[in-house]
Each structure stands twice: as C-alpha cells, then as structure tokens.
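Morning, everyone. I have one model to walk through today. Please look at it on the screen while I talk.

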Amino acid sequence: MAAPLVLVLVVAVTVRAALFRSSLAEFISERVEVVSPLSSWKRVVEGLSLLDLGVSPYSGAVFHETPLIIYLFHFLIDYAELVFMITDALTAIALYFAIQDFNKVVFKKQKLLLELDQYAPDVAELIRTPMEMRYIPLKVALLQCFPQCYFSCLSDIPVSVPTHLVCPRTPLSPPAAVHTCENEEQSLLDLFLGVCHDVCGKPSGNHLPLLLPSQLLGFHPRSLWLYINVFFYTIPLAIKLKEHPIFFMFIQIAVIAIFKSYPTVGDVALYMAFFPVWNHLYRFLRNIFVLTCIIIVCSLLFPVLWHLWIYAGSANSNFFYAITLTFNVGQILLISDYFYAFLRREYYLTHGLYLTAKDGTEAMLVLK
Amino acid sequence: MAAAMPLALLVLLLLGPGGWCLAEPPRDSLREELVITPLPSGDVAATFQFRTRWDSELQREGVWINLGRSSVMSSQGSSAPLSTSSTPPTQSLPLPPSNPWVWPMTLTTTFCAMLCCRGRWSAPKTSPPGRSSCPVVPRASLISFHLLQAGLSVLLKADRLFHTSYHSQAVHIRPVCRNARCTSISWELRQTLSVVFDAFITGQGKKDWSLFRMFSRTLTEPCPLASESRVYVDITTYNQDNETLEVHPPPTTTYQDVILGTRKTYAIYDLLDTAMINNSRNLNIQLKWKRPPENEAPPVPFLHAQRYVSGYGLQKGELSTLLYNTHPYRAFPVLLLDTVPWYLRLYVHTLTITSKGKENKPSYIHYQPAQDRLQPHLLEMLIQLPANSVTKVSIQFERALLKWTEYTPDPNHGFYVSPSVLSALVPSMVAAKPVDWEESPLFNSLFPVSDGSNYFVRLYTEPLLVNLPTPDFSMPYNVICLTCTVVAVCYGSFYNLLTRTFHIEEPRTGGLAKRLANLIRRARGVPPL
C-alpha cells in the first residue's frame, strides 16, 4: 500500500508546485471563497512586516494568527511554499494511516459482534469485508490532496486540519475523548488532532474579534446566535453516537464547516475527504443526486455572483448571500442524509435487512 | 452633518474678532489683515487673517480665554499649539486647505461643552501627531456666519462667501516668546479664512475685480480695537509696466519680500490711516486691466503632489501619491503624512517608493495600524526626493464591509479619504535678508523661516473618494428570515435524527379518505379498496 500512496503524494506535490508558479496563484490566493480574514496568507505577511517595522502585529485589526505562527514563519517565510506542501502531505499521510487504523478497528468490532450473534441473520450483504475496505485510506488521501485543497493551498495556508481547528476547537474534543476511551491503542488521527489542538490552540492573547458568521450576516446586529449552532449539536450527537466516535467526528466537522464564520472551501474539503470511509452507506442515501447537483451548481455560481457584485456592479450582495445560503442548505441536507443512512444501516444490522410488516408485505421504516 | 458641529465651533471662533470689537481686556492686541492675490487663471484669492495675542501669563493647566461671544479653552500646557481648520473638498488650488485637527480630544469636547453644542462629536478620532502636523478631516460644510460690524470682518458676508469656488478656514493657537530670551510667553490666536472667487462670476468675463463685486460690501471703518488693520494687494508681476493695470485708489506704500521663494510686491492699504477712508467714507479697492494680461503658463512650483486611487472592483485597490521635485539640481526631503480611514485596510508590506524607476527607501517611517472603528491608519515617512524627479509612493489596500448602520444615507456616493500632508523645506532661488518679524505682514510670519535660502511649505494633496462594497439595504430583513429558515431546517433534520428511532410502519386500517373512497365505490358498484 505504500507505493500508491507515494504516487498520490508525488502527483499532488507536482500539481501544487505547478500551480504555485503559475499566474493563477495570485488570482486564487485572493478569492473570498478560498481565504478568510482568519486564514489569509497576505495577513501573515503583513503581520511579519509590522513586526519588522517595530509595531506589534496585534495593534491593528489585520493580523489574527497565533503568536506561534509568527515564530514559525519568521524563519520560514522564504520557504513558505515548501512548508505548506509538506504540511499537506503530512496531513494526507496521517489521514491515510488513521483511516487504515480505523478500518482495522471497525473490522475487529464487526467480528466481535458477529460472534456474539448481535446481528440479524440476513444481513450478510451489509457486513463489510476487508477487500472492499482495502482502498479506502488511499481514496481518503486522494480526496484530501486533490480537489479543493489545491485552492486552499494556493491561499497559502494549509487548510487541512490545523487551520480548520483555528476557530472552533472545543467541539472536537468530545469525539476524540470518546474514541480514546473506547480503544486502548491511540488512534493516529486522535493523536494528530490532539497535537494540533495543543499547538494551534494557544490563545493569541487578546483580540479574536467577534466572528460574524459570514461577512454578509454581519448585517444582523445580533448574529452571535448563529455561531452557537457550532457548539449546540455536540452533546446530543455525543449521546446518540457514543458507540461510533469517528462518525461523530465526521458529523461534527461538517457542522463546524457549515456554521463557521468565514467558511472557506478548505473547510468543506476537509469533511468531504471522509466520504470514502462511509461508502457502504451509499445504498441508503435518499437524495444524493439532488444534493450533488445543488453543491456543484452553487460552487460554480459562487465566483460568478461575487464578480457581479464586486467587479461588475450589476448584481448586489443579495445574490451572493443567496448562493451562500443555498450551498449551506445543500450541505446540511447532505450531512443529515448521511446521518440518516448511518442510522438506518445500524437498524438493519440489528433487526435484519428484509423486514416484513405484520400482514406480510414489505415493511416501511419511518422515524418516530 | 456631524462635521458641521466642529464647523460651528470654528465659525463661532471666527466671531472672535467681531465680538471682540465690543468688549476687550486691555492688555491684549489684535491685528487683522486681508491679502488679495490674483491667481494666474484669473480667479482672485482673498485671505483674511486675524491675530489676537494675549500678553498675560496664562495658567499651565486649563486656560479660559474669553473672546466675548466665544471662548477658547486650552487644556494642555503651554507647549501645545493647536491648529484646526476645515475645507470642503474642491479642486486643488495653490492655497492650503485646512486641517481639522482634533487633538487632544479633551480640548475638543471642551469646545463643544462651552459653546453649548448639542449632538454627537463624531469627527474621526485621530491620533496624536508624529513629527508633522495632524491628520485632516476631508469634508466639512460651511454654515452661516454671523455678521460683524467693524474692520475687515465687515466683508465676511455669508451669501457672497458661499458663491466662492474654494474656501478654507483655520484656527491656530500657540504660545510665542515675548522677548528674545523667552523669559515670558504670550498666547497667540490666529484665525484665517481663505476664499477664491471665480473670475467669471465676479468680473462677468473680464478679469477686473473690486471689493464690492466680490464681497458686496466695502470697508467703512477700522476696528477701533485693532492695533493694525491692513489690506495687501499682490501686484507683483504686473508692477513693472504701469500700463498693464491700474489699482484704485492708488496705494501709498508697497511692501516687497520673498514669499515662498519668489520676490513679491504688495500694495498696502492701511485702514488705520485716516487719509485712506476720510475722502469717501468707504474704501473700495478696485483693479482694472488696461491691457489684457498675457496668458502665460503659471510657474511650476518646486514641490507639488498628486494622489489617486487605482484598481478596479470593490474588493481592493491601490493608493498612489506622486511627488514632483522640479528643482533642477537640489534634492530635498519631504515629510509625508497619510491618514487613511480604518475601512481601507492598508497592507504596509506592499508599500513601494520609487524615484526615477529605482527603489527609494525612506529615511524614517512610522506606521500605526488602524483599529476597527477606533482609529485610522497613520503613516508618516521622510522621503528624499532626488532633483528633477517624480517619486511614486504606493500602497495596496482592501476595502472592508461596514455594518449596515455605519453607512451614510447615500452610500454609493463613496467615502472620503483625507488628503496627505506634505511638509518640506523647499530650496528657494532667491536669497533674502533676515527680517524683523514684527514688521512683516501676518501671512509671512505664520511659519517664520530665518534662512532665506529655504522656505517651509505645507502641501495638501487632493482628498479622495472611494467606494466601499455596499450591501443592499433590504438585507437585514432578508437575512433574518432566510437564515432563520436554514437554521430551522438544520435543527429540524438533526432533531429528528437524534431523538427518533426507526419503527416498522403499521399499515393504517382506517382513514377518512379511504372511507369516503369506499362510499363512492359502493355507489358506483365497484369493489371497495
């Protein structure tokens, strides 16, 4: 399995290097969908030059990174490209091994439950086999490296796990905690997240301003309530999914990406990279086609409507806001669809796949 | 409109001399002066200056200076001069626009309190000055003047002043030494008003002008309490040939000096000279052109500047200042002070200064970044301008999205950016002899420089108008409704999935629709469902 992973990494690094040197780099690095005020490389450079001028980077409202970033990039500013590529590659490798680990855990658990006769007799086709799970880690690494992460890389901050954890760090500790309680061996992903939590979580001392949920929602004077949604679902999800911590983490990351202020493409890419892990849920998804269409169309319309508002002056901010909202609706429905599929599979596993109603006809399952 | 408040102060301060004429403590002195300068384009510039000097030893902390109808309080020690002035943004002219300077803030609020100003003091909060003067407020509207009754202030008639193409007011307060060893100090208050009259309006196409045509008033009597009350008319370039122009009434004396590097001649009319006004009970200075003046290009000053915003779209832009040094062989340093409002986020790592195509590093740079809604950016640099060159100072910025309550009633008009202030000692081509400052007119002694080979110049660039990304103002309602809907969708889905479990649905036996359908079927004679 090492060879395909190495191949993936090499291709990813090549494409990133090519993009860095192309003329697209500057164009993409300033796009609003890719960079947010919290994760903009331009602001890091600004902070460092303020430091050179003898002014504290935190005396203005431009620089919002942690002091750790200052220390790190003070010496590495000339090798920033390399740093980002290496970080992305490391993230991909970490995810690869984490998912591999997770697969082993899943398989072991499945075997245990089979022996304990917890599953219904006719659910053979729902049982996951090592064969089908063989390529999942690679797919995850692939998805992490390739699609939207390019753009995030060009925004010049590795938008993978570290930056994603810039803002809402606390909701991710419950899943990590649950996972460690369950398994004696420390999952790699866990460790990685924990380390990132500590490293990136040093408070910058003052001033992270009130994070208005997406720039446009700043119009609403009391928009803090939207931000509460990030934390609001943690406990109920923890209670419901206490036996499935990785799925819990997946849902939590998705919720953070949806309700975060200044969401970017990188946040979305992070949870979408985990889709191969839940491939087996595909047969239970109800609206996947519509939702995929929504997400693709909204992604295409984002830059168009931004251009129309800011540059052409013909549309107004309502258009951009509407497309943001539609994209969020699409994400919400996608995540709840996956959640539904997961719960449904669990039900089938314990109650049998071919259910019949009392009168012998095929049963309908409803949530009640 | 909020800017009108400080204007109220300034205007009322300008009442000083007039109200002054009515009641005055005996140990202070007032000098007033009017300088009329015809500009090369044919417009006429008139600058009033009123200087009040108090020779009493004033308190260090907290000083009340009673000017009759208005009062000025200086809350700093004696070492803090205060200048405040304002000018609406009009086309650039060779006269200094003013620099409203609201530092210290305590002084400002004191102004407001004493003059019973109601309303919020919402001038942009500026930071204390670095090495040069303070930042500027770009836009102010002039409000009405009260009429004054004696001396030069009789010319300040509001409706004529509103028809000018440029006006600017300033107030300067500073301590001055009373003697050479500076053992005691006096306080000096200078109030100035500069206006430029459009030649076309005043002269109906000809370049003749007269006081009556410009101000619709003439000078009748001097202010009885003024120790000096004079009118100076610039007759420099046209003095050689008496056939070119005629000034009426003919001046008794002239004054020659090196002003801003060039030798100028002024005709003096002294209102305190009884012979001046005795004849006709009023003084209406007129200038008539006997021969139309040649339209020669005005001489290019040694230092001039231009500022503009480039870029497209409402996301970012670039602010560029061009500094021209047209002196053929002398290079000199210029102190450039830029105040940029917080909603244009400057990126100081993109600051580039190029002269003649090569990079020019500033000798001194002081940058204070802005804090959102609290203070603007302050950028101050000392730049060496090479001889006969153009220096371009450019910096990139990003436009911020304001909260919806912070937009003005007409947000698509744009937001003003204050002018940059350039201060320099410009080398002069004319050597001058040292002068006694008490004998020289007020306009020459405001910024005294004893070295005649240089003269001090404070230059202001154009104020700029930038657009910010403007939201649609129906958005708050839309945002609330739609965001609540989306959050409800999310909450509903998650609530269902979290609190409900799967059950096999039992087929329902009854149902109103089914029974009704069966009823109709029975009526038709078809087997029931």
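**Rings, charges and confidence**

Start with B:Phe443: its relative accessible area is 21%, so this residue is partly exposed. The terms work like this: buried is under 20% relative accessible area, exposed is over 50%, and partly exposed is in between, with a 1.4 Å probe and protein chains only.

Some ground rules. This is a predicted model, where local features need pLDDT of at least 70, side-chain atom pairs count only at pLDDT 80 or more, and totals for chains, interfaces and linings use all residues. Residues are numbered from 1 along each chain as its sequence is written, chains are lettered from A and ligands numbered from 1 in the order in which they are written, and side-chain values use heavy atoms, without hydrogens and water.

Back to the ring. B:Phe443 has an aromatic partner, B:Tyr232. Pairing means ring centres of Phe, Tyr or Trp (its six-membered ring) within 6.5 Å; planes under 30 degrees apart are stacked, over 60 edge-to-face, the rest tilted. This pair is edge-to-face, at 5.7 Å centre to centre and 85° between the planes. B:Tyr232 sits in strand S9 (residues 226-234) of chain B and B:Phe443 in helix H7 (residues 442-445) of chain B, so the pair ties together parts 211 residues apart in sequence. Helices (H or I, at least four residues) and strands (E, at least two) are DSSP runs, numbered from the N terminus. Is B:Tyr232 buried or exposed? Buried, at 1% relative accessibility.

Now chain B as a whole. The chain has 9 helices and 26 strands. Of its 529 residues, 52% are buried.

Over all chains, the structure holds 42 aromatic pairs. One of them joins A:Phe302 and A:Phe320, edge-to-face, 5.7 Å centre to centre, 65° between the planes. A:Phe302 is in helix H16 of chain A and A:Phe320 in helix H17 (residues 317-351) of chain A, 18 residues apart. Both A:Phe302 and A:Phe320 are buried.

Next, charges over rings: NZ of Lys or CZ of Arg within 6 Å of the ring centre and within 35 degrees of the ring normal. A:Lys42 puts its charged end over the ring of B:Tyr347, 4.4 Å from the centre.

Last, confidence. pLDDT is the predictor's confidence in each residue, from 0 to 100. Chain A averages 76, and 78% of its residues score at least 70. Over residues 184-222 of chain A, pLDDT is below 50.

Technical notes. Contact means heavy atoms within 4.5 Å.
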